[in-house]
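Here are my notes for your review. Please read them with the structure open.

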Amino acid sequence: MKAESILIVEDEAAIREMIAIALDMAGFIVLEAEDAQQAHRIIVDERPSLVLLDWMLPGISGLELARRLKRDESTQEVPVIILTAKGEEDNKIQGLESGADDYITKPFSTRELLSRIKAVLRRSSHRAAERAIDVQGLRLDPVSHRITAHDKAVEMGPTEYRLLEFFMSHQERAYTRSQMLDQVWGGNVYVEDRTIDVHIRRLRKALEPFGFDGFIQTVRGTGYRFSSKVEGRSEAL
Ligand code: CA
């Protein structure tokens, strides 16, 4: 799994450094910014998994940056935790009203910081898991477990559904049959490689009437991939 990246926005180098070391040791990729403008650029370009945002920054405050991020559709999904020395209750309310996902008062322990970060990341990946995925009109809604193709229902079995869900959330990457077994069937189930091919065939058949079967591509010598960049028809098994 790809390590999650955390952007630390703090003008005081010593505090930034201390947090960076703790996050690095916990296995996160650390990005750093010393003011709101620099932070905004990094958020747009690098899409960090979470932003730790100090309230007191020179120029645009952390609170103001949080509001801007949450107002803008392209950045509002990025989780934000506000860090501050202000401990009063109304500051906390103001912090959370800015749209921030959580609020931590300085001084805090590394342990507290990490547990709050993990909690916010868990909530945000949960929200992401509930968002429908749409690829050129093929739409998977994880909440209702429905697949539609240009708004028409696509019928398929539960295994084909799980396979398609895995593919649509991991597009443009080739997977071996054993990786797919781990990810879709779960590690300890005994399933033959051939079984995967059978389900792939069923999935393609379900998608075929809508012209989406070409998204399920055979990667010779490897396995399969989901790609909307269709290079001709998918190869026959
Ligand atoms: Ca500061």
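**Notes on the predicted model**

1. Now H1 itself. The helix runs over residues 13-25. Its 13 residues should span 18 Å at 1.5 Å a residue, and the end C-alpha atoms are 18 Å apart, so expectation and model agree.

2. Which residues of H1 are buried? They are Arg16, Ile19, Ala20, Ala22 and Leu23. Seen down the axis of H1, the buried residues fall within an arc of 165°, so they line one face of the helix.

3. Next, the calcium ion. Glu10 (OE), Asp11 (OD), Asp54 (OD) and Met56 (O) coordinate the ion, at 2.1 to 2.7 Å. Along the chain, the donors follow the spacing E-D-x42-D-x1-M. Glu10 sits in the loop between strand S1 (5-9) and H1, while Asp54 belongs to strand S3 (residues 50-54), so this pair ties together parts that are 44 residues apart in sequence.

4. Are Glu10 and Asp54 buried or exposed? Buried means under 20% relative accessible area. Glu10 has 0% relative accessibility, so Glu10 counts as buried. Asp54 has a relative accessible area of 2%, so Asp54 is buried too.

How values were computed. Residues are numbered from 1 along each chain as its sequence is written. This is a predicted model: local features need pLDDT of at least 70, side-chain atom pairs count only at pLDDT 80 or more; totals for chains, interfaces and linings use all residues. Side-chain values use heavy atoms; hydrogens and water are left out. Donors are N, O and S atoms within 2.8 Å of the metal (3.2 Å for Na, K and Ca); water is not among the atoms, so sites may look incomplete. Helices (H or I, at least four residues) and strands (E, at least two) are DSSP runs, numbered from the N terminus. Buried means under 20% relative accessible area, exposed over 50%, partly exposed in between (1.4 Å probe, protein chains only). The expected span of a helix is 1.5 Å times one less than its number of residues. The arc is that of the directions from the helix axis to the C-beta atoms.
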